[in-house]
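Work through the exercises below with the sequence and the model open. Try each task before reading its solution.

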Amino acid sequence: MLRNPIAFYKESGKVQKKILQGCLFLAVSGIFFLFADLLFPLPNPKSYSQVIYDKDGTLLCAYLTDDDKWRLKTDLKKVNKDMVKAILYKEDAWFYWHWGVNPVSMGRAFIKNLSSGKRTSGASTITMQLARMSEPKSRTYLSKFKEIFRAFQYEWHYSKTEILEMYLSYLPYGGNIEGVHSASYLFFNRSPIQLSLSQSVILAIIPNRPNSLRLDKTVDETVRFRNIWLKRMEKDRIFASGNIKAASLEPVTSSRFSIKPQSPHLCNYLHEREKETEITTTLNLKFQKTTESLLANHVRRVASYGVSNGAVLIVDNKTHDVLAYCGSADFYDNQAKGQVNGITAYRSPGSALKPVIYSMAMDKGLITPKMKLPDIPGNFSGYAPDNFDMQFRGLVTVHAALAYSLNLPPVWLVEEVGFEPFADKLIKCGFSDVEKRRSQFGYSLALGGCGATLEELTRFYTSFSSEGKMYPLNYLKSQSGKKSTPQVLFTPATTYLIGNILSDLERPDLPQSYVNDSKVPKIAWKTGTSYGKRDAWAIGYSPRYTVGIWMGNMDGKGAPELSGAVMSVPLLLDIFNAIDYNADKKWFDRPEGVGERMVCSESGMLPSAEDCPHTVSDFYIKNISPLNTCNLYQELLISTDEQFQYCPVCCPPEGFTRKKYPVYKPEVALWLRTNLIGMNVPPPHYPQCPAKFSGEGPRILSPASNNEYYIEKGREQQIALQAAADAAVSNIHWYVNGTFISTVNKDEKIFITPPSGWLKITCVDDKGRRSETKVKVVEY
């Protein structure tokens, strides 16, 4: 039977009207919600404990929040699925289906509460519970309404995953423990991903009664409730019966663990530097544990020598990642001040800085490994260093000077290269103390007369394994593998040559017990010992790793046996044996810019066919190293009785001969004449020669130019006058403020009692050449 068309249209109109009214209601409600959302924004998320991991995600350390809570942020990817399933079953089975509020549960709870006359069911969803934990309030109907509003807001602003992660991070577990992540470590000493079913259920039920269900106090009650919920889950087939049975039989012990830091110095360093909640480092925990053990054992062995501590830093040369970071032998040893970070502490680096000046000189074409350098006393603007053994060797090869860590050759090199360029290079190498106090330093900088940290030294030495490029050290896994701009310090050729020298086993700082040890991997290393034997350094590198070591006492106390060779090198070799014994690449490839040639064994220069019968092989840098032919031996005109030397002006027609003599720089010649008996020295120039000579005058060795000399008033203290003149000079003449003092043999040293004030000291040789210097004498 056909319906009345008019009635049909009227009924359709009513339906459309209701639909429009419903849409209008939803639109108005939506607008109202958006307006309310702007007026009453969600509270800021709670702060989380900062957590630090090793490169593989193992927890190293965690820190309390500002409100003194253990509140570790929970990541669903790092939580056992049984834990998530237990939480959802117990608290909100429809979590992924509702928009913050479950209307069915709300209606059922309302009717149940109304019929009983009291609140017996809350029907709060996980989102509503999150709202309540974010803004704790007394439980009233008004509070419930606010929770509902906040729940809608959370659902609007966050994804379900984010809401569940916040919820799991905020769950109360009694005391100052909040969140599944925190509870997993503090109750079970494991990460959430490693939780068993029994442990997962326990962590699911505790938040409802966090003060009465305490694993550290009420284990039996906790186990009873665990088993009740396990039976419910078995009944509802949440987990397999076999797993439920195993979980119910799993023993539970009273426990409350602490999150004891692993690599505490690194954690504290990053905690102060980084603001992120979760920090994944580049630390290799296996390397860290091995290094900690080796360092602790080594410190115990040397404790009888008055050495109580040490620090080790290990860097991967390919990625520049920090793999091990030991700031002290024992962080908890208060007597040895173990909480002081020996990696970031400023201490005198000693000879560990010497490769800087040798590398600079090689890159400038001033030296090659077999060229000779002076190892003789000198006064460098008031700085007069000695060698470690208090001996001088005259002339030594560059190779020997660096391998034996002699003190005078690098200082002479600084004088040749220039102090300012040398200081600039140290700053470029990352030594911050030089940059901060540059004006306070002098030539002692060549021998480590500044402050440096183990971090700075280790980072600098990584440049020798990276073709002269120094990259920033990576502490964070997020930085690993990323391209960074390096500081280009030296050429690849120079770093190769320096590495060859520093890998030589014929050296005094190789412990005797390791000389014939075939297990020692090939490494290059440099030691350093600070003044007063307060700090002992050894920094070594292979193609794969760079290892920096400091040994000493945190309070700066020295010890007689404290030297880099004795205290630090044995540990360095032990560490390389442990981490790099079976290295794929044994050593660095020789760069194309490095060549090999024969040189004169006496000078290290290209040999002269006539005067250089003895030659040795030497490396050189193509297009940079000097190509001069050896001119050490020069032919001189000598009287037949070999008493005088002639020049073309004074040479007689007959009664002379030609003879070759070694001719050195004046200061070197002076030391050789004074210390080497039987040295072949050319005779003095003919005293009645009428010729006038040009060129440099004698080099004034003492007093040092522009120095201040303090003398005690009334004591008639003296200062020494000494100069180095060339072989043709017989006598030199001294003047002070224009007043003649004395004429002496060119090798003779004299002493004067100076007046106070500025003095102009002049030295004139018997050829009329002169040199001057100024000093200030202060009476006190």
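**Exercise 1. State which residue follows α15 and give its phi.**

Solution. G418 comes directly after α15. Its phi is positive, near 110 degrees. This is a predicted model, in which local features need pLDDT of at least 70, side-chain atom pairs count only at pLDDT 80 or more, and totals for chains, interfaces and linings use all residues. Residues are numbered from 1 along each chain as its sequence is written, and side-chain values use heavy atoms, with hydrogens and water left out.

**Exercise 2. Decide whether α15 is mostly covered or uncovered.**

Solution. Start with the span: helix α15 covers residues 408-417. Helices are DSSP runs of H or I with at least four residues, strands are runs of E with at least two, and both are numbered from the N terminus. Next, count the buried residues: eight of the 10. Buried means under 20% relative accessible area, with a 1.4 Å probe and protein chains only. They are L408, P409, P410, V411, W412, L413, V414 and V417. Helix α15 is thus mostly covered.

**Exercise 3. Describe how α13 and α19 pack.**

Solution. Take the geometry first. Helix α13 (residues 354-363) meets helix α19 (residues 492-502) at about 135 degrees, and the axes lie 9 Å apart. Axes are lines fitted to C-alpha atoms over the stretch in contact, and angles run from 0 to 180 degrees between N-to-C directions. The angle therefore makes α13 oblique to α19. Oblique is what remains after under 35 degrees (roughly parallel), over 145 (roughly antiparallel) and 65 to 115 (roughly perpendicular).

Now list the contact (heavy atoms within 4.5 Å). From α13 come P355, Y358, S359, M362 and D363; from α19 come T494, L497, I498, I501 and L502.

Methods:
Buried means under 20% relative accessible area, exposed over 50%, partly exposed in between (1.4 Å probe, protein chains only).
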